[in-house]
Amino acid sequence: MRVAPTIILYFIMAISVNGQNGGLSTYQFLNLPYSSRVAAFGGKMAASDLADISLTNQNPAMLDSSLHNAVSLFYTSYYAGINFAAVSYAQRLNSRSTLGFSVFGINYGRFDQADESGVISGTFSGNDFALAVTYSYRIDSCFNVGVSVKPIYSHLERYYSLGISTDFGVHYLSGNKLFAVGIALRNVGVMVKPYTARTYENLPFEAVVGFSKKLAHAPFRFVVTMQHLERYDLYYSSPINNTEILGEDDKPSPNMVERVGRELISHLIAGVEFVPVKGFALRLGYNYQRRNELKVQERVSTVGFSWGVSLRIKKFDVSYSRATYHLTGSTNHFSITTNLQNWL
């Protein structure tokens, strides 16, 4: 499929998730949600009271020995023929150490190749891939620490780049396994080989923190994540809302409480899961930053919201989620997880 430049520009806006951070770093595919559960809860997670191997790309400390021999397959059909996928596997080394492997990446489809005058001479492709090797260590019955090392390969037409990224994480799971807290420093690394000589770019570093709480006597789980803690000024004010453009009377500038409040909610991603019976769950997520930056003023609709469903089918956990980035359409995410020990 041929992808127009305007579609590619929109895609870059969508995967960067925020207008202020967009264009400040490369390898933005590292921030995509390679898990249906993560996509349903708003796009990011730092903690989970439920073991899930697909979450280790969010916080390496969420990898633990209970995921021994777990396998996860993930696929998303994105916009304009773009798609991304991931495969993950975990192996327990001993009573305290666990090793995980994940291959994930994105294919951007086909582009029209043209010269300076606009004459089409063919097509070319583009893709980004990374291999994540994750190691986690259980400090005690509640605390885990983890690290992921991710070699990166990126290719677009005749240009290619190599990089190395590292994630660090800490995860706490309560003894009753109903409450979890996590902290992760993601995408700490460097570009080893730039696309063009001496043009080195930053990686999309991010600090996240969050918690997950399953109610003991009700079928609900709440997930809260605070994104981009490495920076305060995350709120984006669209020029479309400028009072001069709208022809409205001048309005007073927001006071300190309003400014702090909108910055706080820009960092917040919230989700809830309804688990009426074992093996079935409904999920809902909300990402204010995504809604604020990608909405169309005349019709906001469900931009920023996401939802999902998971079902246990014999030895498989099957998940589907749908996230609305923009009025032009929503993305569909599919995951299937199993444990090889169940097949022995």
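User: Contact means heavy atoms within 4.5 Å. Among contacts in the protein between residues at least 6 apart in sequence, what percentage join residues at least 24 apart?

Analyst: This is a predicted model, in which local features need pLDDT of at least 70, side-chain atom pairs count only at pLDDT 80 or more, and totals for chains, interfaces and linings use all residues. Residues are numbered from 1 along each chain as its sequence is written, and side-chain values use heavy atoms, without hydrogens and water. For contacts between residues at least 6 apart in sequence, the share that join residues at least 24 apart is 56%.

User: How many helices and strands are there in the protein?

Analyst: Both are DSSP runs numbered from the N terminus (helices: H or I, at least four residues; strands: E, at least two). The protein contains five helices and 15 strands.

User: What percentage of the 344 residues is buried?

Analyst: Buried means under 20% relative accessible area, exposed over 50%, and partly exposed in between (1.4 Å probe, protein chains only). Of the 344 residues in the protein, the buried ones make up 47%.

User: Which residues touch the most other members of the largest nonpolar core?

Analyst: A nonpolar core is a set of buried Ala, Val, Leu, Ile, Met, Phe, Trp, Tyr and Cys residues joined through side-chain atoms within 4.5 Å. The largest one has 25 residues. Those touching the most other members are Phe 29, Tyr 34 and Phe 104.

User: Which element gives the largest share of this core?

Analyst: Two or more residues come from each of strand E3 (83-92), strand E4 (97-114), strand E5 (120-138) and strand E14 (316-326). The largest share is four residues, and the element that supplies them is E4.

User: Is Val 318 buried, partly exposed or exposed?

Analyst: Val 318 is found in strand E14. Leaving out residues up to four places away in sequence, Val 318 touches Val 309, Ser 310, Leu 311, Ile 313, Ser 335 and Ile 336. From C-alpha to C-alpha, Val 318 and Ser 335 are 5.9 Å apart in space, and they are 17 residues apart in sequence. Because its relative accessible area is 31%, Val 318 counts as partly exposed.

User: Which residue's backbone nitrogen does the side chain of Asn 287 reach?

Analyst: Asn 287 is placed in strand E12 (residues 280-287). With a relative accessible area of 1%, Asn 287 is buried. At 3.0 Å, its side chain reaches the backbone nitrogen of Arg 290.

Definitions and conventions. A polar contact is a pair of N or O atoms within 3.5 Å; within protein, one must be able to donate a hydrogen and the other to accept it, and residues adjacent in sequence count only if both atoms are side-chain atoms.
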